[in-house]
Amino acid sequence: MITREQSVKRFCEKAEEAAASSYLFATKKIAEMLDVIATSRILFEIFDFCCAGEDADQLRKDFFISDGTHDFFCAPKKSKQFVALGFYVLKDIADGITDFNAFLTKYFAGDEGLLHGYEVFTANFIIPFSNTVKNVAENVMSAQDIQNGKITVFTQEKPDIDLQYLQGLHAFIQDEIRKIELSSGGEYYELLIVDKAILSAAEKLDVDALPPLAVAYKYAPRNKKLETNYKEVIELLTDHGILKR
């Protein structure tokens with residue numbers, strides 16, 4: 001069985017093969033790159049999340065631009081947009097929807113014709129795109145469950161790649177809720193209510209709801225009998241500006 005790490009590595013290897021390939025075999029190699037996505041759960045979920053809500057045509061207008069004299073590609077600064085844009089552009093090339101020759105000539109014109117243009121394209125689009133996918137995947141895979149060390153990936157609400165700290169918050173609070181529910185008394189009822197509200201906000205990526213909940217969490221009644229994740233949660237919320245130092 002192929003692991004998450006192996007599937008991401010395979011995707012990057014296919015990108016490198018495409019970059020090293022002859023221009024004549026480019027579309028075939030690009031198609032092989034995209035085929036890896038369908039066989040990898042983590043890649044499929046990442047692309048599904050990143051493409052959701054992103055308009056393919058608008059992305060092209062925003063990042064394939066002109067200065068009035070030259071047309072050129074300007075890479076998105078946001079990883080989510082680059083992942084979506086890369087998928088849409090490469091899929092259209094692989095499917096033959098995009099006139100690849102015209103595309104290279106317009107945006108990646110090389111000094112030595114199409115062969116050099118393809119080298120410019122792979123160096124400035126395919127490899128940076130592949131690296132972005134790898135970084136996003138590694139961020140998701142590093143968001144581990146605090147208790148058992150297994151990778152945690154939300155299936156209902158995918159975490160925004162810029163909000164990875166919510167994965168850690170989710171794990172800390174979930175662990176704390178479990179401890180409260182296993183305790184004998186009802187003295188932690190108020191803390192349990194706050195914890196469940198924080199857990200819900202983390203799952204929904206509702207950052208705006210976190211500041212007041214963070215304050216409530218900080219001052220909720222607790223004692224030494226219950227081993228909570230108070231220190232870790234406060235540190236995480238403070239580090240990300242939800243709580244003020």
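Visitor: Before we look at Val136, what does "buried" mean here?
Guide: Happy to start there! A residue is called buried when its relative accessible area is under 20%, and exposed when that area is over 50%. Please keep in mind that this model is predicted. So the cut-off for a buried residue is under 20%.

Visitor: Is Val136 buried or exposed?
Guide: First find the residue: Val136 sits in helix α7, which covers residues 114-142. Its relative accessible area is 3%. Since the limit for burial is under 20%, Val136 counts as buried.

Visitor: How many Å separate the C-alpha atoms of Val136 and Ile46?
Guide: Along the chain, these two are 90 residues apart.

Visitor: Which elements make up the protein chain, and in what order do they run?
Guide: The secondary structure comes to eleven helices and two strands. Reading from the N terminus, the order is α-α-α-α-β-β-α-α-α-α-α-α-α.

Visitor: What span in Å should helix α1 have, and how far apart are its end C-alpha atoms?
Guide: Helix α1 takes in residues 4-20, which is 17 residues. At 1.5 Å a residue, it should span 24 Å. That agrees with the model, where the end C-alpha atoms are 25 Å apart.

Visitor: Where around α1 do its buried residues lie?
Guide: The buried residues of α1 are Ser7, Val8, Phe11, Cys12, Lys14, Ala15 and Ala18. They cover an arc of only 150° around the axis, so they lie on the same side of α1. Exposed on the other side of α1 are Lys9 and Ala20.

Visitor: Which residues is Phe125 in contact with, leaving aside its neighbours within four places in sequence?
Guide: Phe125 belongs to the group that touches the most other members of the largest core. With those sequence neighbours set aside, its contacts are Phe64, Phe73, Phe82, Leu85, Gly86, Val89, Leu90 and Phe108.

Visitor: What percentage of the residues in the protein chain count as buried?
Guide: Let's finish with the whole chain. Its accessible surface comes to about 13500 Å², and 51% of that belongs to carbon and sulfur atoms. Of the chain's 245 residues, the buried share is 45%.

Conventions:
Residues numbered from 1 in each chain as written. Predicted model: local features only at pLDDT ≥ 70, side-chain atom pairs only at ≥ 80, totals over all residues. Heavy atoms only, no water. Helix = DSSP H or I, 4+ residues; strand = E, 2+ residues; numbered from the N terminus. Buried < 20%, exposed > 50% of the residue type's maximum accessible area, 1.4 Å probe, protein only. Areas by Shrake-Rupley, 256 points an atom, 1.4 Å probe, with all protein chains shown as cover. Expected span 1.5 Å × (residues − 1). Arc of directions from axis to C-beta. Core = buried A, V, L, I, M, F, W, Y, C linked by side-chain atoms within 4.5 Å. Contact = heavy atoms within 4.5 Å.
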